[in-house]
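This report describes selected features of the structure shown below.

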Amino acid sequence: MPRRIGGAARAALLLALSATSVAAADVEHGKALYQTCAACHTERPDALGPSLKGIFGRKSAALEDFRYSNAMRRANLVWDDANLRAYIQDPQAKVKGNRMPYGGVTDAKDVDDIIAYLKALN
Amino acid sequence: MTTRLKEVDAVMVGMGWTGSILARELTKAGLTVIGLERGEDLSPRENFALPAVRDELRYTYRLELIQDPALETVTFRHRPSESALPMRRFGSFLPGNSVGGAANHWGGQHWRYLPSDHATRSHIAERYGASAIPDDMTIQDWAMSYDELEPYYDKFDKLCGVSGKAGNLRGQKIEGGNIFEGARNDDYPTPPLIMTESGLMFAKVAKEFGYHPFPQPASNASRPYTNSEGLTLGGCQYCGFCERNGCEANAKAGPQVCVLPLLRAEPKFTLRDRAWVSRLSYDKAAKKVTGVLFTDTRTGEEYEQPAGLVVLSAYVFGNISLLLNSGIGEPYDPVTSKGVVGKNYCYQLSRLGVTLFFEDKFFNPFMGSPGTQMVMDDFNGDNFDHRGLGFLGGCKIQLGHADGRPISYRPVPPGTPRWGAAWKKATAKWYQHAARITLSGSNYANRYNYIDLDPTYKDQLGRPLLRMTYNFVENDYKVGDYCMRIALDIARAMQPTMIGPPGLRRGDYDTVPYQSTHNTGGTIMGHDPKTSVVNRYLQSWDADNLFIMGASTFPQQSAYNPTGPVGALAYWSAEAIVTKYLKNPGPLVHA
């Protein structure tokens, strides 16, 4: 499947990240929480949500085989820590008008764990 | 000119729940299957996505997922002495029309029928004597007991990821679940949804009366769930747009989420949408059907699809229409009580209720799903003693917020003007503060409620429309009146600021306001070909390679929403076809 992933930008981000402390985040717990996301974000061609493999460091609306909302297409974000955190906490506040039917995660530790899992999801 | 297509092992007429389940089970058994669907194909990814799917005008009022009455509708009259007129806009009930069927727009209230519902006539006769059943009440037993169907109810539960709390696990009654339900072998696949404030208030008071409230079992998965086919459902987001709409969150069960992704990838299966089946080819002497005729609604061209096995998996009306228009089985005649096709058409006593207004409560009605209601079955079916009451059957009584949508949800106290500044002010004031107890009642068959072919009106293909002759009868009004008294006692004990007028059934059945899409009967199941259309495996008595699915096989309607047994019966029949019929084609029951 053709996928456009900003290679250089992503590598740079990953480097920057390894320097910050993510030791506190619990990847296994993040994986358990991610099951809610996985109901829609699958690798199936008819999935409701885009694949999140390699999402960390990727540009928003980057997959060619997924029809994103106009809001997401215009968002022009890079999915780094700050943007992922804001989006997972309150999807509509971060990208108003996007199509993801999910209210958000309120617990800050849960958000950290999900992000830790997303970083590992390749 | 009719184009003859290559023969397949089995053809499904309709691709909703039952067509999808049968197609899946038969392809698993190695058969080549074609699924014909009158409506268009849909994909949740394109058609049920935010924000378009939460469009109340488009789906609730303009009925985008509903059958187009300009193509095919039913005519209606209240009694045999009247001439019927066509319903030119669906209202009281809303048949689906697309791949996924009515399950695209159902709410998800998911029930098993009571053990006594499975033996309606014999249970009543045993408890109250045969004379308790009025002569014109043509109720019959189901052709299988609850216990026989239990493994298939279970199978369907696990396809759907139903949320709920068991009240009878292998005979052990469990507080907080429905203690009246038949024994379940297993608990619900997902726990109950988070209950609404109004549901909790209702449950508290109902318990004080000694009743047994429980959370509504719902095919709205309460958390992510991998179903029996390995497909994943999402957790409900409580958006309040279940019925009339597709589900944006993959949480409401339906063929599109629970079965079709696998069928679409199955080489033995072909899906053909906009394929409107007009009749079956029937060899009366051989007691076999040989295939179906259908019209491609894009081109108007007619095709013949030969098949070894035909499954009628359309809505109630489609199944009855295809039998009558193909000359299969004897049409029912209410005067002589002879014939079976169209007999025991039943509906449901719906949308009875009373609205409560609480000045100091905030209900957030915009959050919810059908599963965020508390229900009590203490006055459902034969869960209570009917001696001396003068009626049979009963209601489920429930309260909770499920769908406080901006256009249709405008509760106002009695005396509020119907329009204008005062109405606007009242809707704004009370939106947060109202809650409605609703009742849904059983509807027992009556000799004069039936379906046949209309002598005057035709559909777009030139076939006679179905004619529905239907009205509520004395028994129905009495069921409603009795259960409303119970509901009003609870309402008063909840101590609201105000109580609205009780909404009861009075006078003739009205086809305009929505009540429920719980039409049943017309091709009923039974043990005797003189009084039923299909045997206990849903196999036609008049053609052994014809199987008829869905609520058209119910001998009468209980107070419950019909989808639970519809799915269970599909699995039950599919197993009989695969393990019995395919090995030894012929009648599975000898009359």
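## Positive phi values

Asn344(B) counts as buried, because 30 C-beta neighbours lie inside 10 Å and the threshold for a buried residue is 20 or more. The model is a predicted one. Asn344(B) is part of strand 15 of chain B. Its phi is near 55°, a positive value in a residue other than glycine.

Ser337(B) also is not a glycine and has a positive phi, of about 65°. This residue belongs to the loop that runs between helix 9 (316-326) and strand 15 (343-346) of chain B. Ser337(B) has 12 C-beta neighbours inside 10 Å and therefore counts as exposed, the limit for that class being 12 or fewer. Most residues other than glycine have a negative phi, and most peptide bonds are trans.

## A cis peptide bond

Which form does the peptide bond from Leu50(B) to Pro51(B) take, cis or trans? The bond is cis, and its omega is near -5°. Pro51(B) sits in the loop between helix 2 (44-47) and helix 3 (56-61) of chain B.

## A four-stranded sheet

Chain B contains an open sheet of four strands, arranged in the order 5-4-21-20 with mixed pairing. Its edges are formed by strand 5 (85-86) and strand 20 (450-458) of chain B, each of which pairs on one side only.

Strands of a sheet pair through backbone hydrogen bonds, either parallel or antiparallel. Strand 4 (residues 74-77) of chain B pairs with strand 5 of chain B in the antiparallel sense, over two bridges. Within chain B, Phe76(B) stands opposite Leu85(B) of strand 5.

## Helix 12 of chain B

Helix 12 of chain B covers residues 563-581, a run of 19 residues. At 1.5 Å a residue the helix should span 27 Å, and its end C-alpha atoms are 25 Å apart, which agrees.

How many of the 19 residues of helix 12 of chain B are buried? The number is 14, so this helix is largely enclosed by the rest of the structure.

## Contact between chains A and B

The contact takes 14 residues from chain A and 17 residues from chain B. On the side of chain A that touches chain B, seven residues are nonpolar, four are polar and three are charged.

Notes:
Residues numbered from 1 in each chain as written. Chains lettered and ligands numbered in written order. Predicted model: local features only at pLDDT ≥ 70, side-chain atom pairs only at ≥ 80, totals over all residues. Pairing = 2+ DSSP bridges. Contact = placed C-beta atoms within 7 Å. Nonpolar A, V, L, I, M, F, W, Y, C, P; charged D, E, K, R; others polar. Expected span 1.5 Å × (residues − 1).
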